[in-house]
Amino acid sequence: MKKIFILLLLIILFTNLTAEAKSTRKAMLFSAILPGTGGLYTDNYNRAATFLALEAATWFMYFRLKSERQWALNSYKDFANSIVGVPKDSKDWYYQLLQDYQSSDNYNESIIRDARNYYLIYLNDPVAYEEYLNKYLIPDDKTWDWENTRNWYKFRDLRRDKQNMEIYMKFAVAAAVVNRFISLIDSAVMAKRFNKSQPVLGTLQIYPDLVNIG
């Protein structure tokens, strides 16, 4: 009877005092992979739900913005093709010129003016002047003219919509990184707090002794 009482006392004692320690490294690794999982590991379910919800919202916003960016991209390419006949496979630098200048004549005039002031007036180098013009002037097969400011402004607005979407996408990625970093630090703190609140004394292991009977 006495032995049974002692055995029951030991079982109750080790059941109450033993707890599995939470590894800080594991908690941080889980949070680095997916924010919120470190909170699940350390039994902080409210924090885990918060970080997981923020992660889901951030990536939902990112892919939504990516879709909006593609829509704006297709819109300004279609518009430029229909108004001034720009091929849809044109490079981005060319579309940027269409955004900055109402016509290729305006652009070429600015190039000639800048080259004249620098290479002819300042450096007195006609050869460099001609080389610069040959490199940067828009050739005849790539000229454009928006005809009026209404068309030009509409194209600029479409281009800026696409550029704004790209900026917002970067903010979304930055928010995801910040959320992951905060979750990582929080899970490390929670793991240490868990271990302090539930000290680990070890595990009780009982093996039968078949040699010394009794």
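Of the 214 residues in the protein, 30% are buried. The model is a predicted one, and the tour below moves from the whole chain to single residues.

**The whole chain**

Start with a cartoon view. Along the sequence the pattern reads α-α-α-α-α-α-α-α. Now show the surface. The accessible surface comes to about 14900 Å², and carbon and sulfur atoms hold 60% of that surface. Among contacts with a separation of 6 or more, 69% are between residues 24 or more positions apart.

**Stop 1: E166 and R69**

The structure holds 8 salt bridges. Side chains of opposite charge can pair when their charged atoms come close. Select E166 and R69, which form one of these salt bridges, with the closest N and O atoms 3.0 Å apart. This pair links distant parts of the chain: E166 sits in helix 8 (residues 149–197) and R69 in helix 4 (residues 45–84), 97 residues apart.

**Stop 2**

K162 has a relative accessible area of 6%, so K162 counts as buried, the limit being under 20%.

Which residues are linked with K162 and E166 in a network of salt bridges? Select R69, D92 and R159 to complete the group.

**Stop 3: D78 and K88**

Move to D78 in helix 4 and K88 in the loop between helix 4 and helix 5 (92–100). D78 and K88 form a salt bridge in which the closest N and O atoms are 2.8 Å apart. The two residues are 10 residues apart and are counted as linking distant parts of the chain. D78 is partly exposed, with a relative accessible area of 37%, and K88 is partly exposed at 45%.

**Stop 4: a nonpolar patch**

Return to the surface and select L29, F30, I33, L34, L40, Y45 and L52. Together they form a nonpolar patch with about 640 Å² of accessible area. Which helix gives the most to the nonpolar patch? Helix 2 does, with 3 residues. L29 lies in helix 2. Helix 2 (24–33) and helix 4 each supply at least two residues of the patch.

**Stop 5**

Most residues other than glycine have a negative phi.

Select D43, in the loop between helix 3 (37–41) and helix 4. D43 has a positive phi of about 65° although it is not a glycine. Its relative accessible area is 36%, so D43 is partly exposed.

Then select N124, in the loop between helix 6 (104–122) and helix 7 (126–136). Phi of N124 is also positive, near 55°, and N124 is not a glycine. Is N124 buried or exposed? At 61% relative accessibility N124 counts as exposed, because the limit for that term is over 50%.

Technical notes. Residues are numbered from 1 along each chain as its sequence is written. This is a predicted model: local features need pLDDT of at least 70, side-chain atom pairs count only at pLDDT 80 or more; totals for chains, interfaces and linings use all residues. Side-chain values use heavy atoms; hydrogens and water are left out. A salt bridge is a side-chain nitrogen of Lys or Arg within 4 Å of a carboxyl oxygen of Asp or Glu. Helices (H or I, at least four residues) and strands (E, at least two) are DSSP runs, numbered from the N terminus. Buried means under 20% relative accessible area, exposed over 50%, partly exposed in between (1.4 Å probe, protein chains only). Contact means heavy atoms within 4.5 Å. Accessible areas come from the Shrake-Rupley method with a 1.4 Å probe; for residues, only the protein chains shown count as cover. Patches are made of residues with over 30% relative accessible area and no salt bridge: like charges are joined within 9 Å, nonpolar side chains (Val, Leu, Ile, Met, Phe, Trp, Tyr) within 5 Å.
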